[in-house]
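Here's a quick look at one helix and some charged pairs. Have the sequence and the model open as you read.

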Amino acid sequence: MVKKVEYSRGINSSQLILTTDAACEKDSIEMFHHNVIPYFLNMKMQKKDQELQFYYNITSKQSLEQVLEYKLLDYTFTKKVLSSFDQACSQAENYMLTEDNIVLLPELLFLEMDTDEVLYCYLPGYQVDILKQFQGFMEYLLQHLDHKDKKVIGLVYGVYQHVAEGKASLHEVMKKSEKYQKEFFDFSQWSETENKLSYSDQAAPALKKPEESVLEKTKKVHPVNQAVSKEKQEKQKRDLLRFIQNFFRKKIYTDYAQSMEQEYIGEELEQESVLQNPTVCLMPQLEDKKNFFVYQGTDRSRDFSCTEGKKILGSSLQYSDIYIPLPMVSRVHARIEVYEDGTYLEDLNSTNGTQVNGETLKYREKRILQNGDVISIAGESYAYVTGQPIAEK
């Protein structure tokens, strides 16, 4: 079993360190030493004080647990996760490794952020029944599904029904995932009511009734009532377009080449030329600017504030609340969390790191910020101010 989970960060790399007192399995350790095994993190072993420490390279990777804090599981992503596990089991067999040594924990399963490649930890001596691990893993996935994606519901319940209950191997199920998906879920039994996904009693009689927290049970909807007219579809498209237009008008754009004295408001934003390196704040700007982050330069429009909740900083327009489209900034770079006891900064295992007063944060480390702290996001520096922004000298 795992006794301790630690993370270390160097200048250009991040490592996961698992400490165990299990017996040394020399064959599997040698196999990783001489091979790069597909679907597994690179692994090295050191012995320290009668304990074994296993080092895994997790540079520019995020755990599945962390990714699902800001992203729901849709059909495509879920199928990739399940297929990768199937492939990892096949590779374990090819390299004479033991399936029970695959660690199937969301916090220790990592994704390559640029490609969404899924990589697993192999821990010699772990020896936890892989079927029991998989059952727990599927129950975890059920809690993070995008319930508006009907295909992913069918996929996960179909896999769970066949594999977790021992009716078929995961490899057999994945080859026939489309078949199982349709077999277990008649999609005509699903409907959208008040933007919530409803589930019919007759949709999957062979399955165990879902919990209320997972799928909200409602009465069966007649197929005639499920039909959506073309007029309604066009109205939904117009409403969506209007929402998108209004949403993007709220953004604050910065042009490094423009004078500070020039202001952009309202419709004038639409006439601006494409900016070289804009910084965009995707959350509304509040008049009461506490928890203010002041850009360490002359461009005041790059300042931002975080007054509550969690905000992600990064270069991904899709997942970031504070959008910083610079090449050195990772897609999901860092996170700011505001609680009653203070404001915390966490690096999300970014490629080029996050610093507080020159000190690089480790992966999973949450640093409480003090008034006047200087944070650096891949070289972009901001001063943290607990009240109003610092006056310029």
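## The helix α3

Buried positions in α3 are Y75, F77, T78, V81, L82, S84, F85, D86, A88, C89, Q91 and A92, where buried means under 20% relative accessible area, exposed over 50% and partly exposed in between (1.4 Å probe, protein chains only). Helices here are DSSP runs of H or I with at least four residues, strands are E runs of at least two, and both are numbered from the N terminus.

After α3 comes M96, with a positive phi near 55°.

## Where the numbers come from

This is a predicted model: local features need pLDDT of at least 70, side-chain atom pairs count only at pLDDT 80 or more, and totals for chains, interfaces and linings use all residues. Residues are numbered from 1 along each chain as its sequence is written, and side-chain values use heavy atoms, with hydrogens and water left out.

## Salt bridges

A salt bridge is a side-chain nitrogen of Lys or Arg within 4 Å of a carboxyl oxygen of Asp or Glu; the count comes to 12. One of them joins K3 and E51 at 2.6 Å, N to O. K3 sits in strand β1 (residues 2–9) and E51 in strand β4 (residues 51–57), so the pair ties together parts 48 residues apart in sequence.

R9 and D347 also pair up, at 3.1 Å, N to O. R9 is in strand β1 and D347 in strand β19 (residues 342–347), so this link bridges 338 residues of sequence. Both R9 and D347 are buried.
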